[in-house]
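Subject: Structure for your files

Hello,

Here is the structure I said I would pass on. My notes on the domain interface follow below it.

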Amino acid sequence: MDTELTIALAKGRILNDTLPLLERAGIKPKDNLSTSRKLIFATNREDVKLVLIRSADVPTYVQYGAADLGVAGKDVLAEHGGEGLYERVDLKIAPCKMMTAGFADRPLPSGRLKVATKYPEITRQFFLQRGRQVELIKLYGSMELAPIVGLADIIVDLVESGNTLKANGLTPLEHIMDISSRLIVNRASLKMKNKPVRDLIDSIEKVVQ
Ligand code: PRP
């Protein structure tokens with residue numbers, strides 16, 4: 001039996017773009033990941049299986065070697081910190097931007113700024129670099145509501161089309177970082193399963209190019 005490889009994939013948006021890419025790299029799941037309630041999937045390759053988890057959990061599975069490889073957004077990776085894993089390929093999937101956003105016509109307070117976000121680590125680092133004191137308010141979604149109801153002065157969130165901000169009367173203010181999905185690899189897997197892991201990275205890299 002060949003060395004087994006486990007790839008962690010995120011449920012949701014990224015999945016629809018990841019599956020065609022994997023298929024072109026020669027890996028096709030036996031079941032439909034979007035409709036099945038299963039969490040582990042066999043593929044056409046006996047040595048490769050897929051696990052389907054929440055996007056924010058992908059770096060954790062790869063960090064601890066529960067998955068050898070994974071596909072995760074740069075937002076999730078920056079938030080995780082990258083311990084125990086390598087970021088190997090920019091898959092150019094789901095491109096968007098991490099931005100601050102608020103009301104265009106409302107001056108920001110000169111004192112401590114209240115910032116609502118799902119991304120406390122990225123936000124903390126961004127304002128630390130600028131020497132700006134902020135109060136972080138951790139939310140799990142629908143950040144756009146926070147400035148409207150006075151919970152925060154601004155938000156830090158992903159902006160793709162800009163439609164969600166616009167629909168809520170908000171404007172993108174400052175660009176923090178460009179985001180896209182990345183292929184990540186467990187550090188130990190790259191050493192211990194070097195050949196199959198490298199071959200897989202190479203074939204995915206070729207497809208992306
Ligand atoms: C993301 C993000 C914004 C929206 C941006 O939310 O948090 O709300 O997409 O996209 P747009 O610029 O094209 O409008 P998502 O749909 O991923 O759900 P979430 O609120 O659970 O993060």
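One salt bridge is found across the interface of domain 1 and domain 2. The model is a predicted one, so please read what follows as computed from it.

A salt bridge joins the side chains of R13 and E160, with 2.6 Å from N to O. On the side of domain 1 that touches domain 2, helix α3 (residues 74–80) gives the largest share, with four residues. By residue class, that side of domain 1 has five charged, two nonpolar and one polar.

As for the domains themselves, the assignment puts 5–94 + 180–208 in domain 1 and 96–178 in domain 2. The contact draws on ten residues from domain 2 and eight residues from domain 1. Taken over C-alpha atoms, the centres of the two domains are 30 Å apart.

The area buried between domain 1 and domain 2 is about 670 Å². Carbon and sulfur atoms account for 51% of that area. Which three residues supply more than any others of the area that domain 1 buries against domain 2? They are D75, A78 and E79, which together supply 64% of it.

Regards

Terms used:
Residues numbered from 1 in each chain as written. Predicted model: local features only at pLDDT ≥ 70, side-chain atom pairs only at ≥ 80, totals over all residues. Heavy atoms only, no water. Domains from an automatic or database assignment. Contact = heavy atoms within 4.5 Å. Buried area = accessible area lost by both parts, 1.4 Å probe. Salt bridge = Lys/Arg side-chain N within 4 Å of Asp/Glu carboxyl O. Helix = DSSP H or I, 4+ residues; strand = E, 2+ residues; numbered from the N terminus. Nonpolar A, V, L, I, M, F, W, Y, C, P; charged D, E, K, R; others polar.
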